Amino acid sequence: MILKKVNRLEGEIAVPGDKSISHRAVMFGAIAEGETTITHFLMGADCLSTVSCFRKMGVDIEITDSAVKIKGKGLSGIKEPSELLDTGNSGTTTRLIMGILAGLPYHFCLAGDESIAKRPMARVTEPLRLMGASIDGRGSGNYTPLSIRGGSLSGIQYSSPVASAQVKSAILLAGLNAIGETTTVVEPYKSRDHTERMLKVFGADVEESGLSVSIKGGQVLKATDIEVPGDISSAAFFLAAGAIVPESQLVLKRVGMNPTRTGMIDVLKEMGADMEIKYDEASMEFEPMADITIRTSSLKGITISGDLIPRLIDEIPIIALLATQAEGTTVIKDAEELKVKETNRIDTVVNELNKLGAEIEPTEDGMIIRGKASLRGGEEVSSHGDHRIGMMLSIASCIAEQEIKLIEEKAVQVSYPDFFNDLKRVSY
Ligand code: S3P
């Protein structure tokens, strides 16, 4: 795909549904009793992998233009699949589903694409084994394909070495099915809490205290209706674009503003972005939503580290681009998790953006970005099959002097199928 510089960006965008929340809505609906209706569901490839896995386990899921309807029959309605469960490119599908399968009395085989095969699963395999599950796979169960023989589980007290919502959620989902016993997960920093919020909406009792979350086993989920907020991780590309493209103003509608996800908003504010946020008061109880207006801004470099990292981990590729246009240097540290995302995002961000003229130095746990770089473009760059790298490079093309050629651009389908249409519609 050839992408060219734009003069300005203007218009309104209703970003697609949140990926994390869409996955969870399908999973919880599938193991709940009754009919769950999900609106503003993300029809991206990742969430469709979750749908396909549950269909293979006998769950009736109907997809129409406006909604996803799931006829849940409780955990006992899940059947032993006769085929491999294909989790595609999706870490969330792979890791969360492991927590559900671990407590079911069947055998399951899980595998995804080339990228999934390189991502560490021991962080989930180990606590699930401690709960009593039998899991095997390459590297002693660290890599797909995985074979899971589920069975009866016991609750555990687990201190997770990583602040990962996928790990926390897998353990909580397994804990939900550990008869009578309580499972507690403690994290080093708080990761996104969509699982805790949604379990409550599905009628489960979840206790939170600081960095620890506990769940009692043997609770039954009751079907409910879920409106998925717009994905702040998708909105992030247009928030950055609105700030760095001259003479721009973009309005992003109904963006999810869960405080465990709004690190990008904090960063924009600290960098000095011209931004307005209007909350939808009715949304505050489940997952808060807001309309965000962003205008061309003069930005300054900042340091991003510590407990801010889990609150913006998926936004770091686009924050790196934003920082190339700020006054001064931006330092990102404590972000070694970037190495085990869809690609090694320290390498892919640094290599691809530097090809365009950025000056970014990789570090062991992040990167150092020199500001006020003029992006010359005129190169071929690749998403490397990573949706967020593909979208970040497309936004870079909006300000690059010469056109760029983006390859493997189809990766954006994973989380934002209409991305190129939306970008075109607001480009002048
Ligand atoms: C996610 C958690 C994060 C995030 C991923 C989605 C989730 O991963 O990067 O895109 O839905 O729970 P980790 O749990 O590995 O940090």
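## Aromatic pairs

F237 is buried, since its relative accessibility is 0%; buried means under 20% relative accessible area, exposed over 50% and partly exposed in between, with a 1.4 Å probe and protein chains only. The model is predicted, so local features need pLDDT of at least 70 and side-chain atom pairs count only at pLDDT 80 or more, while totals for chains, interfaces and linings use all residues. Residues are numbered from 1 along each chain as its sequence is written, and side-chain values use heavy atoms, without hydrogens and water.

Seven aromatic pairs are found in a search of the whole structure. Rings of Phe, Tyr and Trp (its six-membered ring) pair if their centres lie within 6.5 Å; planes under 30 degrees apart count as stacked, over 60 as edge-to-face and the rest as tilted. Two of the pairs are listed here.

| Pair | Centre distance | Plane angle | Class |
|---|---|---|---|
| Y106 and F108 | 6.3 Å | 80 degrees | edge-to-face |
| F237 and F419 | 6.3 Å | 75 degrees | edge-to-face |

F419 is buried, at 0% relative accessibility. Ring pairs join F237, F238, Y416, F419 and F420 in a cluster.

In the other listed pair, Y106 is partly exposed at 23% relative accessibility, whereas F108 is buried with a relative accessible area of 0%.
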